[in-house]
Amino acid sequence: SSAGGRGSSSSLETSSGGGAAGGTAGGGGIRDRLRRFPSLRSAVASAAYGALDARRDESEKMVAALVDMEASYFDADFFRRFTREEHLRRYTTASEPDESSPATL
């Protein structure tokens, strides 16, 4: 989990997360602090990338599990049954008289 080769300092400098007040309001914005203190910028970037890397494996496993669940549920037989049941439902409800409407003779 090394964060050194990712261009972290340049991505933090060009980030627009500070908003309009962050750049010029008395020099107290996070962007100004990160520019004035390169070691802080490096530490923040390293911590951010470390946190993202730590969650990546967990996220990939969760996505794979969800894809497997959906793949096992929506197979070809599911769509065949669904289409057949939908057709039968439409056909039987169209041919059955509606109890709420008056009977025609």
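1. Basis of the note. The model is predicted: local features need pLDDT of at least 70, side-chain atom pairs count only at pLDDT 80 or more, and totals for chains, interfaces and linings use all residues. Residues are numbered from 1 along each chain as its sequence is written, and side-chain values rest on heavy atoms, with hydrogens and water left out.

2. Overall make-up. The protein chain contains five helices and zero strands, so that its pattern along the sequence reads α-α-α-α-α. Helices (H or I, at least four residues) and strands (E, at least two) are DSSP runs, numbered from the N terminus. Of the 105 residues of the chain, 10% count as buried. Buried means under 20% relative accessible area, exposed means over 50%, and partly exposed lies in between (1.4 Å probe, protein chains only).

3. Helix α4. This helix has 36 residues and reaches 52 Å from its first C-alpha to its last, close to the 52 Å expected at 1.5 Å a residue; the expected span is 1.5 Å times one less than the number of residues. Helix α4 bends by about 30° at Arg56, the bend being the angle between axes fitted to the seven residues ending at a residue and the seven starting there. Arg41, Ala45 and Asp53 are buried in α4.

4. Asp53 and Arg56. Which residue forms a salt bridge with Asp53? The partner is Arg56, with the closest N and O atoms 2.6 Å apart. A salt bridge is a side-chain nitrogen of Lys or Arg within 4 Å of a carboxyl oxygen of Asp or Glu. The two side chains also make a polar contact (2.6 Å), a term for a pair of N or O atoms within 3.5 Å; within protein, one must be able to donate a hydrogen and the other to accept it, and residues adjacent in sequence count only if both atoms are side-chain atoms. Asp53 and Arg56 are three residues apart in helix α4, and therefore separated by about one helical turn. An α-helix has 3.6 residues a turn, so residues three or four places apart point the same way. Asp53 is buried, at 10% relative accessible area, whereas Arg56 is partly exposed, at 40%.

5. Other salt bridges. The count by this rule comes to five salt bridges. One of them joins the side chains of Asp32 and Arg35 (3.8 Å, N to O), which lie three residues apart in helix α3, about one helical turn. Asp32 counts as buried at 13% relative accessibility, and Arg35 as partly exposed at 44%.

6. A network in salt bridges. Glu86, Arg89 and Arg90 are linked in a network of salt bridges. Within it, the closest N and O atoms of Glu86 and Arg89 are 2.6 Å apart. Glu86 and Arg89 are three residues apart in helix α5 (residues 76–95), a separation of about one helical turn. Glu86 counts as partly exposed at 21% relative accessibility, and Arg89 is partly exposed at 46%.

7. Surface patch. Phe37, Leu40 and Val44 form a nonpolar patch on the surface, with about 230 Å² of accessible area together. Patches are made of residues with over 30% relative accessible area and no salt bridge: like charges are joined within 9 Å, nonpolar side chains (Val, Leu, Ile, Met, Phe, Trp, Tyr) within 5 Å. Accessible areas come from the Shrake-Rupley method with a 1.4 Å probe; for residues, only the protein chains shown count as cover. Phe37 lies in the loop between α3 (30–36) and α4 (38–73) and is partly exposed, with a relative accessible area of 42%.
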